[in-house]
Amino acid sequence: MRAEWIGHAAWLLEGKDKVLVDPFITGNPKTDRKPAALRCDIIVVTHGHNDHLGDTVEIAKKNNATVCAVHEIAVYLEAQGVKAEGMNKGGSIKVKNTTIRLVEAIHSGDYNSPKEGMVPGGSATGAVIESGGKVYHAGDTALFSDMKLIGQLYRPDLALLPIGDRYTMGPKEAGWAAAFVEAPAVVPMHYSTFPIIEQDPFEFEEHCKKKGYKGEVTILNPGEHLKV
Ligand code: NI
Ligand code: MN
């Protein structure tokens, strides 16, 4: 599977299907991609915050893509005319040749709609996405020790962990998370998009090592990819 970091928490995973995760493109200072130019079969939205739900409606409609998200977000998206599959933490569904499982994330999840104001978004989630390779996208989250369980149960090839602090784990907590999940590869995300979440990814790498994480830490620039 090819995993491209578009920037922030947005990823394009190309395995058996093209899976876009948290497509915050418009207003994302780290990407020059255009929503209209993105191609995908499936969109996974980890929670309703605007820097994750982002351009989901436009991209889903354009591609006739199926959106997978927690029940409340799926209901909202369906009302916008999007093809959405509602689910919840702990459960999985298969869409085309891809299995999507939502997992725990400790975070909030409402969507601040420019039209409707605050839309209740249910729980924030992480996601384990299997489409050839298997990726754990942690979403926005605090550190929690059941990340160990996610690692042991689902054995992801790659873990994508937020390190920006303030709204999520910082570099130290994310280093613990990498050691809990024990995926062979880990990439930091959700940092330095805006000044308030400025972080040094090499500090995260140091914490991974300090915690005895034995896999590979890959630090990407937005637009770069790795293969797992
Ligand atoms: Ni968030
Ligand atoms: Mn966020």
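View 1. Arginine 2 stands opposite lysine 227 in S16, where strands (E, at least two residues) and helices (H or I, at least four) are DSSP runs numbered from the N terminus. This is a predicted model, in which local features need pLDDT of at least 70 and side-chain atom pairs count only at pLDDT 80 or more, while totals for chains, interfaces and linings use all residues. Residues are numbered from 1 along each chain as its sequence is written, chains are lettered from A and ligands numbered from 1 in the order in which they are written, and side-chain values use heavy atoms, without hydrogens or water. Strand S1 (residues 2-7) runs antiparallel to S16, and three bridges join the two; strands pair if DSSP finds at least two bridges between them.

**View 2. The seven-stranded open sheet.** Step back from that strand pair and you find an open sheet of seven strands with mixed pairing, in the order S6-S5-S4-S3-S2-S1-S16. Its edges are strand S6 (84-87) and strand S16 (225-227). Each of these has a single partner strand, so one side of each is left without a neighbour in the sheet. Helix H2 (residues 56-63) packs on this sheet and touches strand S3 (18-21), S4 and strand S5 (66-70), with contact meaning heavy atoms within 4.5 Å. Helix H3 (residues 71-79) lies across S5 and S6.

**View 3. The buried face of helix H2.** Which residues of H2 are buried? They are Thr56, Ile59, Ala60 and Asn63; buried means under 20% relative accessible area, exposed over 50% and partly exposed in between (1.4 Å probe, protein chains only). Seen down the axis of H2, these buried residues fall within an arc of 100°, so they line one face of the helix; the arc is that of the directions from the helix axis to the C-beta atoms. The cover over the buried residues of H2 includes S3, S4, H1, S5 and H3.

**View 4. The buried side of helix H3.** In H3, the buried residues are Ile73, Ala74, Tyr76 and Leu77. Around the axis they cover an arc of only 160°, which puts them on the same side of H3. Among the elements covering the buried residues of H3 are H1, H2, S5, S6, strand S9 (111-113) and strand S10 (117-119). Glycine 81 follows H3, and its phi is positive too, near 90°.

**View 5. The nickel site.** Four residues coordinate the nickel ion (ligand 1) at 2.2 Å: His47 (NE2), His49 (ND1), His107 (NE2) and Asp140 (OD). Donors are N, O and S atoms within 2.8 Å of the metal (3.2 Å for Na, K and Ca), and water is not among the atoms, so sites may look incomplete. Along the chain, the donors of the nickel ion follow the spacing H-x1-H-x57-H-x32-D. Distant parts of the chain are linked here: histidine 47 sits in the loop between strand S4 (42-44) and helix H1 (50-53), and aspartate 140 in the loop between strand S12 (133-137) and helix H4 (147-154), 93 residues apart. Histidine 47 is buried, at a relative accessible area of 1%, and aspartate 140 is buried at 2%.

View 6. Aspartate 51 and histidine 190 are both buried.

**View 7. Strand S14 and its parallel partner.** Five of the five residues in S14 are buried. Ala185, Val187 and Met189 are on one side, Val186 and Pro188 on the other, and both faces are covered. Strand S13 (residues 158-162) pairs with S14 in the parallel sense over five bridges, and leucine 158 stands opposite alanine 185.

View 8. Threonine 168 is found in the loop between S13 and helix H5 (171-181). Is threonine 168 buried or exposed? Its relative accessibility of 8% counts as buried. Leaving aside residues up to four places away in sequence, threonine 168 touches Asp140, Thr141, Pro162, Ile163 and His190. From threonine 168 to leucine 158 is ten residues in sequence and 19 Å in space, C-alpha to C-alpha.

Note on methods
Axes are lines fitted to C-alpha atoms, for helices over the stretch in contact, and angles run from 0 to 180 degrees between N-to-C directions.
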